[in-house]
Amino acid sequence: MVMEDQALVSKVISGDKQAFMLLIKRHERIVAHMIGRLIKHDGEREELCQDVFLRVYEKLHEFSFQSKLSTWIATIAYRFAINHLRKKKILLSDIPEEESFTSHFVEDENPESIASEQDMNSFVLNLIDQLPVQYKTVLTLYHVESMNYKEIGEITNMPEGTVKNYLFRARNLLKEKVTKYLGKEELL
């Protein structure tokens with residue numbers, strides 16, 4: 001029997017450790033995606049994921065079901081990752097926008113060696129990792145977590161129009177890079 005979010009939250013608030021473990025199990029994937037897309041160092045990712053669930057536990061009594069529980073938890077994870085980047089003096093304004101992304105991709109890499117070392121999924125994930133933080137986040141939430149524009153807007157504190165715009169730009173950047181890669185491969 002699947003426990004509903006409201007019952008689960010009630011049990012966690014009342015001190016049920018098993019319920020909290022279930023909450024973690026249900027939401028660890030989205031937290032890992034949110035943190036993992038923005039933070040590259042393994043140790044930092046693990047620590048931040050743990051910190052997110054500690055914060056969830058501390059603030060769960062304030063959750064009012066105005067949104068889905070997963071959206072609320074993803075928002076906490078996103079903000080933890082952004083704050084961590086800021087603390088490390090990596091300002092969002094210093095992260096390249098799409099114009100510099102096009103030159104950010106390493107052109108010297110031989111497409112054959114990339115293809116032999118990685119499959120296309122790994123290659124595309126590598127391209128996604130090179131996107132600006134906002135684009136990476138929107139792509140991950142939309143395509144991996146299957147969230148809608150409104151939910152993504154709640155998590156990132158962006159208007160829905162901006163979410164749509166970033167998703168459109170990110171897809172175009174990826175398409176451009178994959179097309180460029182495939183074109184080089186055909187020339188060989």
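These legends accompany close-up views of a predicted model. Local features need pLDDT of at least 70 and side-chain atom pairs count only at pLDDT 80 or more, while totals for chains, interfaces and linings use all residues. Residues are numbered from 1 along each chain as its sequence is written, and side-chain values use heavy atoms, with hydrogens and water left out.

**View A. Arginine 37 in helix H2.** Let's start with arginine 37, which sits in helix H2 (residues 17-38); helices are DSSP runs of H or I with at least four residues, numbered from the N terminus. Arginine 37 has a relative accessible area of 14%, so it is buried (buried means under 20% relative accessible area, exposed over 50% and partly exposed in between, with a 1.4 Å probe and protein chains only). Its side chain makes a polar contact of 3.1 Å with the side chain of threonine 140. Such a contact is a pair of N or O atoms within 3.5 Å; within protein, one must be able to donate a hydrogen and the other to accept it, and residues adjacent in sequence count only if both atoms are side-chain atoms. Apart from neighbours within four places in sequence, arginine 37 touches Leu125, Ile128, Asp129, Lys136 and Thr140 (contact: heavy atoms within 4.5 Å).

**View B. Helix H4, mostly covered.** Of the 19 residues in H4, 15 are buried.

**View C. Arginine 45 and aspartate 42.** Here is one of the five salt bridges in the structure, each a side-chain nitrogen of Lys or Arg within 4 Å of a carboxyl oxygen of Asp or Glu. The closest N and O atoms of arginine 45 and aspartate 42 are 2.0 Å apart. Because these two residues are three apart in helix H3 (residues 42-59), about one helical turn separates them. Arginine 45 is partly exposed at 23% relative accessibility, and aspartate 42 is partly exposed at 48%.

**View D. Lysine 68 and glutamate 151.** This salt bridge has its closest N and O atoms 2.8 Å apart. The pair links distant parts of the chain, 83 residues apart: lysine 68 is in the loop between H3 and H4, and glutamate 151 is in helix H9 (residues 149-156). Lysine 68 is partly exposed at 48%, whereas glutamate 151 is buried at 10% relative accessibility.
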